[in-house]
Amino acid sequence: MDSRVITITSGKGGVGKTTTTANLGTALAMQGKKVAVVDSDIGLRNLDAVLGLENRIVYDLVDVVEGQCRLRQALIKDKRLPELYLLPAAQTRDKNAINSIQMEQLCQQLRQEFDFVLIDSPAGIEQGFRNAIVGADEIIIVANPEMASVRDADRIIGLVEAAGKPEPRLILNRLRPEMVKRGDMMDVADVLEVLGIDLVGIVPEDELIIVSINKGEPIVYEKRSRAGSAYINAAQRIIGKEVPLEEVEEATTFMERLRRMIGFGPPMAEKRVRS
Amino acid sequence: MGMEDTSENNLSEAQSNLEREEKQSVQGYIAIKGTRNGLLLTLEPETPFSELLNALSYRLSEAPGFFRGASLALDTTRRNLRISERSQLEALLANYQMSVTPLEQTPTAKHNERGVISSSDIGSDPFIATEITSEQTQANLLDPRDSDDTLFLRRTVRSGQAIHHASNIIILGDVNPGAEIVASGDIIVWGVLRGMVHAGYPNNENAIVCSLLLAPVQLRIAHLLSRPPDGFQVQARPEFATIKNGQIVVEAWVNGHGRTVRK
């Protein structure tokens, strides 16, 4: 079977797991892959809303696990992409409603039908997290370039390795190039120096993300968005295509670049953030 | 297993919570005592069942996290329940993933086996929206709206909260997205309805849903399911939803029109 089950996790909350899952799932489906995105955040589901599918939920992941319905009844077909499906979480239950064995069986079932199964993990390192990774072949960690997120990501890498999974890969999310340039934010190298894992993508901070979440339309549909194209590139790398990593400095204005080229601009900011 | 740990934690928290509540003595109709092996529910013999249910519902809803997953033994030495009352009670408990355990399992109450409902008496199927087309055996009243066991809630029902009731439900407050209201009869929301509601569960096509502002994520009546079309603009006026010609129809609640649903 060349089906791949990938869990998106982070440890820390609010770093963009759900946004990443929705956009990677959508981008992979745009590439013609058959994709299921699974919300394993039972009791705090959001993936449905980010994909704009909230009002189509009849059955959920817990119903499937408990045998109240068949898997196919619970899978919600995306509005736009015929090869993208959502398995929503239950909202009125909690993380203990399912156990690791049931989750692993569910992943096996999903494998039969899909090229990619992306699992949106809850924050934390408790049962919900363990359920999310148990059936995964690969783990993608989402981190923001700030200390708390990087420390939590490091903790997660340890737990993932202890669970016998291959080394996770990283999506560095919400990077603000102008802050990095001023030396006020950790840059890509700083983060990688601490974590020491491979990078799948660098996603810049983007106001349009908030608009996209409110509208229930993934940002990868938004041509103007640099975050959107970063997710599309990340999806390409997951498929195995060679795409160069995003240049963090691209936020500089044309005039700045011109000045720097002819030698009059300010020197590149030195990194002041310690790792 | 992990499940056990959690329920024990919940229990001790619930107990301390209960001690606080006991002092306030807000609801006199019901008593929930924490024993070493679980919770013991005693029902006041003289009070109408609907009031007991409302009191219990209120008590549970005040601290859903504390009660969730706990097992509850029912002391009926003072009050016996009818079958329909038992199923309603169990339905309410099911919302909190609470189960009714036979009292004889708890050593502290071994001397008190008589008059206790065991879980096998009650039946194993909790009242949960499982298959909306399935036959419902426990609500075998002809029209659940004729029942006087209407559940009245005076609060906002928030995301993740589920209210299931085998009769009508009236909510004085809002129903937020992510909340779930399931009734065998009518659902009346004196407030903004933004969550998921299912009236007439499972197959009562005469049930209605009405609200001051009707903007549900999803609206179900009996076996039918509807959701607002994309780009739908919510009307800022009282509306009601009924089944007409096999479809869920939403109409403004204006002079005279409302009368039609009261037939």
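Chain A folds into 12 helices and eight strands. Please bear in mind throughout that this is a predicted model. Of the 275 residues in chain A, 50% are buried. As for contacts within chain A between residues at least 6 apart in sequence, 76% link residues that are at least 24 apart.

Let me turn to helix packing. Two packed helices are described by the angle between their axes and the distance between the axes. I shall take two pairs in chain A.

On the α5(A) side the residues are A:Ser100, A:Met103 and A:Glu104, and they meet A:Arg130, A:Asn131 and A:Val134 of α6(A). Sorted by class, this contact holds two nonpolar, two polar and two charged residues.

The second pair is helix α7, residues 147-162, with helix α9, residues 188-195, again in chain A. Here the angle is about 35 degrees and the axes are 10 Å apart. α7(A) and α9(A) also form a right-handed crossing. From α7(A) come A:Val150, A:Ala153, A:Asp154 and A:Ile157, while α9(A) supplies A:Val191, A:Val194 and A:Leu195. In the contact of α7(A) with α9(A), six residues are nonpolar, none is polar and one is charged.

Next, helix α11 of chain A, residues 226-239. Its 14 residues reach 20 Å from the first C-alpha to the last, close to the 20 Å expected at 1.5 Å a residue. Which residues of α11(A) are buried? They are A:Ala227, A:Gly228, A:Ala230, A:Tyr231, A:Ile232, A:Asn233, A:Ala234, A:Ala235 and A:Ile238. The elements of chain A against which these buried residues pack are α1 (17-30), β7 (169-175), β8 (199-204) and α10 (207-215). Just after α11(A) comes A:Gly240, with a positive phi of about 115 degrees.

Strand β7 of chain A also contains A:Arg174. Although A:Arg174 is not a glycine, its phi is positive, at about 65 degrees. A:Arg174 counts as buried because it has 21 C-beta neighbours inside 10 Å.

By contrast, consider A:Met179, which sits in helix α8, residues 177-182, of chain A. A:Met179 has 17 C-beta neighbours inside 10 Å and therefore counts as partly exposed. Apart from neighbours within four places in sequence, A:Met179 is in contact with A:Asp184 and A:Met185.

I now move to chain B. Where is B:Ala222? This residue lies in the loop between β12 (218-221) and β13 (224-226) of chain B. B:Ala222 is not a glycine, yet its phi is positive, at about 50 degrees. With 20 C-beta neighbours inside 10 Å, B:Ala222 counts as buried. A cis peptide bond, with omega about 0 degrees, joins B:Tyr201 and B:Pro202. B:Pro202 belongs to the loop between β10 (196-199) and β11 (209-214) of chain B.

Finally, the contact between the two chains. It involves 17 residues from chain B and 12 residues from chain A. On the chain B side, helix α1, residues 2-24, gives the largest share, three residues. By class, the side of chain B that touches chain A comprises five nonpolar, eight polar and four charged residues.

Thank you for your attention.

How values were computed
Residues are numbered from 1 along each chain as its sequence is written. Chains are lettered from A and ligands numbered from 1 in the order in which they are written. This is a predicted model: local features need pLDDT of at least 70, side-chain atom pairs count only at pLDDT 80 or more; totals for chains, interfaces and linings use all residues. Two residues are in contact if their C-beta atoms, placed from the backbone, lie within 7 Å. Helices (H or I, at least four residues) and strands (E, at least two) are DSSP runs, numbered from the N terminus. Ala, Val, Leu, Ile, Met, Phe, Trp, Tyr, Cys and Pro count as nonpolar, Asp, Glu, Lys and Arg as charged, and the others, Gly among them, as polar. A residue is buried if 20 or more other C-beta atoms lie within 10 Å of its own, exposed if 12 or fewer, and partly exposed in between; C-beta atoms are placed from the backbone. The expected span of a helix is 1.5 Å times one less than its number of residues. Axes are lines fitted to C-alpha atoms, for helices over the stretch in contact, and angles run from 0 to 180 degrees between N-to-C directions. A crossing is left-handed if the near helix is turned anticlockwise from the far one by less than a right angle, and right-handed if clockwise.
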